[in-house]
Amino acid sequence: MHHSSSSSSMTAEEATRGVAVEKIETVKKWGLNTYKCTKQMISERFGRGSRTVDLELEAQIEVLRDTKRKYENVLRLARALTNHFYNMVQTQHALGDTFADLSQKSPELRDEFGYNAETQKLLCKNGETLLGAINFFVSSINTLVNKTMEDSLMTIKMYENARLEFDAYRSDLEELSLGPRDAVAIARIDAAQQQYQVHKDKYERLRSDVIIKLKFLEENKVKVMHKQLLLFHNAISAYFAGNQQQLEQTLKQFNIKLRPPGADKPSWLEEQ
């Protein structure tokens, strides 16, 4: 019994020691990798180190970043338009109620207040319909910018980090290859060659991922914007032409459903 207990205690200690050694090795590898990448980054910044360059891909990445900035501006302006227009519709609603009340209390101006009240109510109804269309436009652009484009940019960030790591280990291998060729040096070169290949494979895999994502992103962007710009144009045009039927038809065309009046759910504007 005593012998069994001692063996179990030793096994537990060995397991704990093994985990500690593994953690130390992980930290050591992380520190070495960080050192190599920092060294490579500084060398590139001061023009002393070489870097792997894919001119065509880097140009596409820069176009994406510029496009995202411009679309973010469209999103900001569309949200501002939505807020301003919402306030106008609320004012029209209050004005219509006031006209209707005065129509009941001013017999000598009943007709004049009455048709002004009806006009404001009609404008309010059309305004709410237009707000539904603009909100759908804003929601779609937000998804495109802050989800679809952002997802591609996260992959690009991983690719750029992999490129830096690849160049760091490539430079390390090149530096070792220029040194002496004794047994110790050859062993270090072999180890560096293995690390170089690992990071080269990672770099090429992420490069391929970026190329594919950029291709699909462009196709998706064109498809989404074609639909949203058509919606925005048709809805705005119908509203300012006073064409209520065309405005409602535009929402049906794009399967946009408005929140019914008096619904308990918070309005779409409150959810922004």
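Colleague: Over residues 189–220, what percentage of the chain is helix, and how far apart are the end C-alpha atoms?
Modeller: Over residues 189–220 the chain is 0% strand and 100% helix. Helices here are DSSP runs of H or I, at least four residues, numbered from the N terminus. The end C-alpha atoms lie 46 Å apart.

Colleague: What does UniProt list for residues 189–220?
Modeller: This is a predicted model, where local features need pLDDT of at least 70 and side-chain atom pairs count only at pLDDT 80 or more. Residues are numbered from 1 along each chain as its sequence is written. The UniProt entry is unreviewed, and annotations may be inferred rather than shown by experiment.

Colleague: Is H2 roughly parallel or roughly antiparallel to H4?
Modeller: The axes of H2 (residues 55–105) and H4 (residues 183–240) come within 12 Å and cross at roughly 25°. Angles under 35 degrees count as roughly parallel, over 145 as roughly antiparallel. So H2 is roughly parallel to H4.

Colleague: Which residue has a positive phi although it is not a glycine, and is it buried or exposed?
Modeller: The residue is Asn255, with a phi of about 55°. Asn255 sits in the segment after helix H5 (244–253). Its relative accessible area is 67%. Buried means under 20%, exposed over 50%, partly exposed in between (1.4 Å probe, protein chains only). Asn255 is therefore exposed.

How values were computed
Heavy atoms only, no water. Axes fitted to C-alpha atoms, helices over the stretch in contact; angles between N-to-C directions. Helix = DSSP H or I, 4+ residues; strand = E, 2+ residues; numbered from the N terminus. Parallel < 35°, antiparallel > 145°, perpendicular 65-115°, else oblique.
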